[in-house]
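I opened this notebook to record what I looked up in a two-chain model. The entries follow the order in which I consulted the structure.

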Amino acid sequence: MRYAMAIDTKKCVGCSDCVVACQTENNVPHGYCRDWVVEVMDGTYPNLEMEIRSERCNHCDNSPCVRCCPTGASHYADGGIIKVKPHKCIGCGACIQSCPYDARYSHPDGYVDKCTFCKHRVDKGEDPSCVSVCPTNCMYFGDLDDPASDVSKALRNRKYKALAPEAGTKPQIFYLI
Amino acid sequence: MREEIFISGRNIPNIDPHLNIWHWQIPVYLFLGGLAAGILFFAALYTILGKEKQMPTTVKWATFLVPVALVLGLFALFLDLKHKLYFWQLYTTVRFESPMSWGAWVLMIITPLSMIWCATYIKELIPKWDWKFEFLNKFEKFAIANRKPMAWALLILSVILGIYTGILLSAFNARPLWNTSILGPLFLVSGLSTGAAAIMWMSKDHFERTLMSKIDLMLIMIELFFITHLFMGFLASSAVQIQAVGLFLGGQFTVSFWVFVVILGLVFPAVLEIMKLRGYKIPVAIPAFLILFGGLMFRFIMVEAGQITRYLY
């Protein structure tokens with residue numbers, strides 16, 4: 001099992017609904033967020049092209065945050081989801097330094113917090129809250145090993161990219177382009 | 001061409017607009033750890049070489065700084081933790097993939113060992129010293145009889161401690177400015193150099209001072225070579241690293257790095273030491289202080305600048 005997400009940059013309008021849904025679902029402290037929206041404008045005026053991406057932890061296959069964690073608080077959960085055990089985390093910040101996507105933050109309570117792919121929902125067979133709330137249906141979540149999953153189907157017919165693959169982390173969030 | 005990039009809904013404390021999760025505690029610890037490693041290395045080396053008589057400051061007196069430096073450094077590390085009461089989780093597991101984990105274990109061994117080392121010399125420093133308990137007297141005799149094996153252990157552990165301060169940073173692939181394998185040797189040499197400077201400053205003996213001064217001079221030369229090597233490596237590397245090293249070549253850390261680290265911290269004390277060896281009268285405190293100051297500045301700048309460098313945006 002390998003959970004992954006595909007996000008259609010052609011359908012995303014950058015409404016930030018995913019950000020708010022995540023903050024509500026996961027009770028993210030005020031001023032923090034586990035996902036965010038990036039708008040990139042390329043080209044020279046008037047020939048411009050805009051790409052909108054909803055970004056979050058990439059749940060990498062080769063996760064530097066799990067590797068550098070001195071206590072084993074950061075770990076691979078079922079399906080390759082990267083999670084943090086708050087009662088094992090000492091708040092040293094090593095994993096925050098190690099993440100090329102800056103997807104982790106120090107929770108006001110001291111431990112490090114991040115996107116969990118809404119594991120509590122996924123375990124019940126539901127989609128992560130960001131995916132389920134998206135008004136343009138531009139996000140696809142599922143098991144890459146299952147050819148019938150939403151994410152496998154989305155990746156089959158489209159060109160896609162990952163962010164900073166040169167960092168060697170094998171990211172598992174794919175952007176349809 | 002990139003016209004603009006806009007990140008909405010994100011203004012996380014200490015992460016945006018650029019990472020700033022490690023503050024003064026980390027460079028202070030890296031400095032104190034390197035200093036302790038340097039002093040212990042020379043103490044162990046000259047014990048193994050059987051030069052206790054000629055090098056009393058190196059082998060005996062300077063080592064009293066080590067437990068102080070290590071305890072203060074560990075305290076700084078503790079202050080840096082955000083989930084402080086869980087710090088003991090470090091010692092419930094050994095994770096070889098994580099430099100911080102094996103670094104924590106090395107500190108756990110080397111700190112008490114350096115205290116025992118000092119304890120074997122405390123009666124020479126304070127003749128009236130009394131251990132009060134008989135078992136402590138027995139332990140002291142045992143430790144004094146085993147100084148040579150202890151020196152071997154300290155020699156190896158001090159090198160690991162010194163190189164660890166660099167590897168801690170170089171293991172982070174996500175920060176291009178740190179992600180270079182020369183950083184470990186560079187921090188080790190810098191640590192040895194600050195250790196030698198501290199010994200030189202403390203020593204009253206002409207022979208010992210001159211020897212430490214020559215060693216320090218050699219270490220500064222190696223350090224300058226490593227720094228050149230660092231820049232060559234970066235400039236011949238990937239786009240993110242070329243961009244990262246730009247911080248020192250025209251970017252915001254250019255002045256602080258070249259003035260405080262390279263000129264005041266390395267080149268100027270080297271010139272002073274050469275002049276001193278040639279017979280000019282220069283107070284030892286000046287080059288020694290500059291080397292220590294340069295070492296501290298180097299760590300502050302590397303930690304601060306490294307956190308700014310990144311892959312995305």
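**Conventions.** I note that this is a predicted model, in which local features need pLDDT of at least 70 and side-chain atom pairs count only at pLDDT 80 or more, while totals for chains, interfaces and linings use all residues. Residues are numbered from 1 along each chain as its sequence is written, and chains are lettered from A and ligands numbered from 1 in the order in which they are written.

**Chain A.** I looked up the secondary structure and found six helices and ten strands in chain A; helices (H or I, at least four residues) and strands (E, at least two) are DSSP runs, numbered from the N terminus. The radius of gyration of chain A is 16 Å, close to the 16 Å of the globule rule for 177 residues, so chain A is as compact as a globular protein of that length. The radius is taken over C-alpha atoms, and the globule rule is 2.2 Å times the number of residues to the power 0.38. I recorded a C-alpha trace of about 50 × 40 × 35 Å along the principal axes of chain A.

**Sheet in chain A.** I traced an open sheet of four strands in the order S8-S1-S10-S9 (chain A), with mixed pairing; two strands pair if DSSP finds at least two bridges between them. Strands S8 (139-143) and S9 (160-161) of chain A are at the edges with a single partner strand each, so one side of each has no neighbour in the sheet. S9(A) pairs with S10 (residues 173-176) of chain A in the antiparallel sense over two bridges. I found A:Lys161 opposite A:Tyr175 in S10(A).

**Chain B.** I found twelve helices and one strand in chain B.

**Interface.** I looked up the contacts between chains: 48 residues of chain A touch 40 residues of chain B, where contact requires C-beta atoms, placed from the backbone, within 7 Å. S2(A) gives the largest share of the chain A side, nine residues. That side divides into 27 nonpolar, 15 polar and six charged residues. Here Ala, Val, Leu, Ile, Met, Phe, Trp, Tyr, Cys and Pro count as nonpolar, Asp, Glu, Lys and Arg as charged, and the others, Gly among them, as polar.

**Helices H1 and H8 of chain B.** H1 (residues 25-48) and H8 (residues 183-202) of chain B pack at about 70 degrees, with axes 7 Å apart. Axes are lines fitted to C-alpha atoms, for helices over the stretch in contact, and angles run from 0 to 180 degrees between N-to-C directions. The residues of this contact include B:Gly34 and B:Phe41 of H1(B) and B:Gly191 and B:Ile199 of H8(B). By class I recorded ten nonpolar, seven polar and no charged residues.

**Helices H4 and H7 of chain B.** H4 (residues 99-119) and H7 (residues 147-170) of chain B pack at about 145 degrees, with axes 9 Å apart. Among the residues that meet are B:Trp117 in H4(B) and B:Tyr164 in H7(B). This contact has 16 nonpolar, one polar and no charged residues.

Conventions. Contact = placed C-beta atoms within 7 Å.
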